[in-house]
Amino acid sequence: MAYECMWVDSPVGKLRLVAKGDALAAILWEVDRPDRVKLAPLVDNPDNVVLNQVAQQLSEYFTGRRSGFNVKLDFKGTEFQRKVWAALLTIPFGETRTYGEIAAQIGLPSAVRAVGAANGRNPISIIAPCHRVIGADGTLTGFAGGLKAKQVLLTVEGCNFEGGKAVRMNGGRQ
């Protein structure tokens, strides 16, 4: 079965939405490295129901009318990557976690670098919120869509920045 895709405009640039069957398989960046997420063959289908549902939900997210997503996800990756991506899905809207916190959450506290690598291969950006993972000191670190896009996504979720670092708000985890 081929992957179906379509491009959508967003405040963080063009996004390529990719579905396989009744599930979302990827949200890719216009500036993505071609080898970061390997999905083939890709067939353009702007009429795909799943892709249009995701496009609508992303539009609502960017305009502040949605804080969560309701779409079936189809992650393709190693068992370790899927554990990391599942952990991303537990980070609440408007909060951040460090790579170390994610490593501890999956039971491998010394796997910080491996968590970073898996985070970088996350095929379903935004919905599996890899943008919510930051450096231990609050700095924004590597992001497939670029650090400016990461900052925009965090800002959409109410995050503030001082000196290029995410700051915790209202005493909660930021």
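Mentor: Accessible areas come from the Shrake-Rupley method with a 1.4 Å probe, and for residues only the protein chains shown count as cover. For this chain the accessible surface is about 8,500 Å², and 51% of that belongs to carbon and sulfur atoms. The model is predicted: local features need pLDDT of at least 70, side-chain atom pairs count only at pLDDT 80 or more, and totals for chains, interfaces and linings use all residues. Residues are numbered from 1 along each chain as its sequence is written, and side-chain values use heavy atoms, leaving out hydrogens and water.

Trainee: How many helices and strands does the chain have?

Mentor: Helices (H or I, at least four residues) and strands (E, at least two) are DSSP runs, numbered from the N terminus. The chain has 5 helices and 8 strands.

Trainee: Is cysteine 130 buried or exposed?

Mentor: Buried means under 20% relative accessible area, exposed over 50%, and partly exposed in between (1.4 Å probe, protein chains only). Cysteine 130 has a relative accessible area of 4%, so cysteine 130 is buried. Glycine 13, at 27%, counts as partly exposed.

Trainee: Where is cysteine 130 found, and with which residues is cysteine 130 in contact?

Mentor: Contact means heavy atoms within 4.5 Å. Cysteine 130 is in the loop between helix H4 (112-120) and strand S6 (133-134). Leaving aside neighbours within four places in sequence, the contacts of cysteine 130 include Leu88, Asn119 and Phe143.

Trainee: What feature does UniProt place at Cys130?

Mentor: UniProt positions are given in the numbering used here, with feature names shortened, and annotations may be inferred rather than shown by experiment. The unreviewed UniProt entry places "active site" at Cys130.
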